[in-house]
Amino acid sequence: MWSLPGLTWDWLWSGVLVALHLAVMVHILISKHENPQQSTFWLLLVAFVPVFGVIFYLIFGITRLEHVRSVVLSLKDTLSGESSNAGRNFDRVRRELAAFRITPEQANSCRMRTLDRLFPENPALNGNHLEMLRDGTAVYPRMLADIREAQHCIRMQSFILNSDEVGQAFMAALEERAQAGVDVKVLFDSFGSFKSYFSHYFRRCLFLRQKNFQIRAFSPVNLFAPWKFQLRNHRKLLIVDGRVAYVGGVNISAENERLKRVPPSRYIHDLHCRITGPAVSQFTFSFFHDWVYTIRRHWRECTLPEDFPVPEKTGDATLRVLPSGPGNIFEGTRQLFFSAAALAEKELWILTPYLVPGGDYIDALCMAAARGVSVRIVVPAVNNHFLVDCAAHNYYRKLLDSGVIIYEKRGIFSHAKALLVDSEWGFMGSSNCDSRSFRLNFELDFCFEGSDFVPDLCNQFMREFAGSRKLTRMRLARRKLWRKMLEYFAALFSPVL
């Protein structure tokens, strides 16, 4: 009795599909009206790729940035106020950090005025010491040594936390400290650590529920909330006893240490930084904002007094800690990169594994070069993400024609990220020069100036230039037609790469 003629069913299904596509297109117009490039991409995809375009949008296009932002901001409020140990610790340390605010003479510089206006809640602090660490071979021994010396608390988060030899060494060291009475909290990104998440060793650590040892997944992947897939926590941070912080691009993986069992084609070159001084407290703020968001409940006793020791001067570096992402500094990474391009007077050097920032930032780099700024960009000669590499090549001709110099780093894959302006200031951290870091990811960077760290980074850039070859127009023009067509196609997906 429910049978209908075939034609009627065809019309019914067609109507449902048309209504679904129209509903999705309306959602795109409402949710992405501030970004015409993204809106155009998604509208064209949904319109010209029926059904699959809608599925792709549901998984990759819906981010719910405003919802996440509101949740983060509401939970931030629980970390202030005299009603909790966390609030008392946070309020006390903010008062103590005021003694390390930059001097009026420093604040009067053009870059400081610009950054103060862009990031008024993230002041620059004097009195810090920075040490450059190159690759996991140098980073991991120092991190493990500080972990083993911990007396009170360890806070660690990583985008990738593998269950290989390196990951197990870290987990063993953390467990040992927890058994000795040290309070240990670990955050990992559920997507970045997806492979290790289901390993026996990793699951044991997750569900053992050891005293003093807590490990949590940030924004676990959920089939009923596919939008969470887009909002990844890309930060890499280790804090020991509230006095030492490690920040940069190095994940916890055997590929960074270049162990023999890892194929050389998967070796990774990266940069990290060991930091002491007043700025460590700002990194601790960032960690606990992520921790409270992850556990999703009001934690009145989430910190120890030892998380926020009395700040002390340890060096001459000026630091500004900048956590970027929904509820933190929205599009803070994007503002940092644009500020550097606008403020550079002589030199703008960029080290990034992925160069897919969108056409507006490419224009900003071209304008900097037109002003006479020496713009140099170091990218890997062989990338670990083929589609991202293709999309990046789509921008190269315009950059070269504008006088920007592009270096292709030879040898092992370079995952290093850093930026240096006029050999005077810059920033490092977890951010890539791409659309994901600009808008979607939770990132953690720090601006710096002063001290020996600036010439150290300058020397590091010189080593990167020496280990690279310049990309020329002639070599770029020799690309085969199929490669060029693939690059044009990949560029269409720049908003989600």
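These are my notebook entries on a predicted model.

**Ground rules**

I number residues from 1 along each chain as its sequence is written. The model is predicted, so I take local features at pLDDT of at least 70 and side-chain atom pairs at pLDDT 80 or more, while totals for chains, interfaces and linings use all residues, and side-chain values use heavy atoms, with hydrogens and water left out.

**Entry: helix α15**

Which residues of α15 are buried? I list Y361, I362, A364, L365, C366, A368 and A369. Buried means under 20% relative accessible area, exposed over 50%, partly exposed in between (1.4 Å probe, protein chains only).

After α15 comes G372, with a positive phi near 100°.

**Entry: aromatic pairs**

I searched the whole structure and got 20 aromatic pairs. Rings of Phe, Tyr and Trp (its six-membered ring) pair if their centres lie within 6.5 Å; planes under 30 degrees apart count as stacked, over 60 as edge-to-face and the rest as tilted.

F337 and F438 form a tilted pair, 5.4 Å centre to centre with 40° between the planes. This pair links distant parts of the chain: F337 is in helix α14 and F438 in helix α17, 101 residues apart. F337 is buried at 4% relative accessible area, and F438 is buried at 3%.

Why is the pair of W349 and F465 edge-to-face? The planes stand at 85°, with the ring centres 5.2 Å apart, so I log the pair as edge-to-face. W349 sits in strand β10 and F465 in helix α18 (residues 453–466), 116 residues apart. W349 is buried at 2%. F465 is buried at 8%.

I also noted a cluster. Ring pairs link F337, F338, Y361, F427 and F438 into it.

**Entry: charges over rings**

I looked for charges over rings (NZ of Lys or CZ of Arg within 6 Å of the ring centre and within 35 degrees of the ring normal). R376 has its charged end over the ring of F465, 4.9 Å from the centre. R94 has its charged end over the ring of F285, at 4.8 Å from the centre.

E408 lies in strand β13 (residues 405–409). Is E408 buried or exposed? I find E408 buried, at 5% relative accessible area. Its side chain makes a polar contact of 2.9 Å with that of R475. A polar contact is a pair of N or O atoms within 3.5 Å; within protein, one must be able to donate a hydrogen and the other to accept it, and residues adjacent in sequence count only if both atoms are side-chain atoms.

Leaving aside neighbours within four places in sequence, E408 is in contact (heavy atoms within 4.5 Å) with V379, A381, H393, S468, R469, L471 and R475.

D389 is in helix α16 (residues 386–401). D389 counts as buried at 10%.

**Entry: cysteines**

C110 is partly exposed at 44%. C458 is buried at 16%.

Note on methods:
Helices (H or I, at least four residues) and strands (E, at least two) are DSSP runs, numbered from the N terminus.
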